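Hi,

Here is the structure I promised to pass on to you. Have a look at it first, and then read on for my notes on what turned up.

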Amino acid sequence: MRIDIVTIFPEFFDVLDISLLGKARQAGIIDLGVHNLRDATTDRHRTVDDTPYGGGAGMVMKPEPWGKTLDGILSADGSDADHEKGPLVIFPSPAGEVFTQSMARELSTEEHLVFGCGRYEGIDQRVFDDTATRARVRLVSLGDYVLNGGEVAVMAMIEAIGRLIPGVVGNPHSLVEESHEDGLLEAPSYTKPASWRGLDVPPVLLSGNHAAIAAWRREQQLERTRRVRPDLLQP
Ligand SMILES: Nc1cc(-c2cccs2)n[nH]1
């Protein structure tokens, strides 16, 4: 998978050189490009924002640097329009569709993802409209709260998507028994010692009875989901 990120804080993504995603890049599973939006400006101050038409507080990101940067990324995508879906451009936004595990799974099968990190009061709407003339565009929200910029949201999405790409996580079985993988919250986990500060591991987990352990874990998942996230059980 090729991932391109457009941001005014490219150094924010230096962390993608380490850990699982760093190994995936060294293994050639993920190819990453980070683009500084200011490199597409033409003025001495490398200006990327301006006051909003119609008034209002804050600043809006200018369309020109975005158009120039995305032109470069999308033109470099060699996908054959007749045979491949082409790049998907994702903009984090509080006004977007909510990011879920099933969306992460869906996006992990894409050939080329482009993430556009907005800041300030947002990006000029014409950037979304112009980009949509030559690529698929989705606005995606991490949840109903407001961040200062898209970088944190993009980092979270790249981690959630990247770990589902075959070869990134060493033991793919570890991806199955996790919260949200089967639509439920995960069961509680325990490891040695069997007793700690007077707290004992549930005996069933020490029984070696795999059917009983699976049944106990399923019941724990259902009970925890009913208690903490009843919305996940709605049809
Ligand atoms: N879910 C979500 C996204 C955001 C963003 C703020 C600025 C760019 S993207 N806030 N909340």
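Before the domains, a word on how they were drawn: their bounds come from an automatic or database domain assignment. Please also keep in mind that this is a predicted model. On that basis, the protein chain is divided into domain 1, covering 2-171, and domain 2, covering 177-232. Between the C-alpha centres of domain 1 and domain 2 there is a distance of 36 Å.

Next, the ligand. It is surrounded by 13 residues, and the closest are S141, L142, G143, Y145 and L147. From S141, a polar side-chain atom lies 3.1 Å from a nitrogen atom of the ligand. With L142, a backbone N or O atom is 3.0 Å from a ligand nitrogen atom. With L147, a backbone N or O atom is 2.9 Å from a nitrogen atom of the ligand.

In UniProt, an unreviewed entry carries the annotation "binding site" for G118, L142, G143, D144, Y145, V146 and L147. I looked at two of those positions in more detail:

- G118 sits in the loop that runs between β6 (112-116) and α4 (125-131). Its relative accessible area is 15%, so G118 counts as buried, the limit for buried being under 20%. Apart from neighbours within four places in sequence, G118 has contacts with M61, W66, I123, G149, G150 and E151.
- Y145 belongs to the loop between β7 (136-141) and α5 (151-162). With a relative accessible area of 43%, Y145 is partly exposed.

Now for the aromatic rings. How many aromatic pairs does a search of the whole structure find? The search gives 3. One of them joins F12 and F13 in an edge-to-face arrangement, at 5.3 Å centre to centre and with 65 degrees between the planes.

Another pair is made by F91 and F128. Why is this pair called edge-to-face? The planes of the two rings stand at 70 degrees, with the centres of F91 and F128 4.7 Å apart, so the pair is edge-to-face; the angle needed for that label is over 60 degrees. F91 and F128 are both buried. Together with W66, they make up one aromatic cluster. W66 has already come up above, among the contacts of G118.

S108 is found in the loop between α3 (101-107) and β6. Is S108 buried or exposed? It is buried, because its relative accessible area is 13% and the cut-off is under 20%. The S108 side chain comes to 2.6 Å from the backbone oxygen of R105. Setting aside residues up to four places away in sequence, S108 touches M1, I161, L164 and I165.

Best wishes

Methods. Residues are numbered from 1 along each chain as its sequence is written. This is a predicted model: local features need pLDDT of at least 70, side-chain atom pairs count only at pLDDT 80 or more; totals for chains, interfaces and linings use all residues. Side-chain values use heavy atoms; hydrogens and water are left out. UniProt positions are given in the numbering used here, feature names are shortened, and annotations may be inferred rather than shown by experiment. Helices (H or I, at least four residues) and strands (E, at least two) are DSSP runs, numbered from the N terminus. Buried means under 20% relative accessible area, exposed over 50%, partly exposed in between (1.4 Å probe, protein chains only). Contact means heavy atoms within 4.5 Å. Rings of Phe, Tyr and Trp (its six-membered ring) pair if their centres lie within 6.5 Å; planes under 30 degrees apart count as stacked, over 60 as edge-to-face and the rest as tilted. A residue is near a molecule or strand if one of its heavy atoms lies within 4 Å of it. A polar contact is a pair of N or O atoms within 3.5 Å; within protein, one must be able to donate a hydrogen and the other to accept it, and residues adjacent in sequence count only if both atoms are side-chain atoms.
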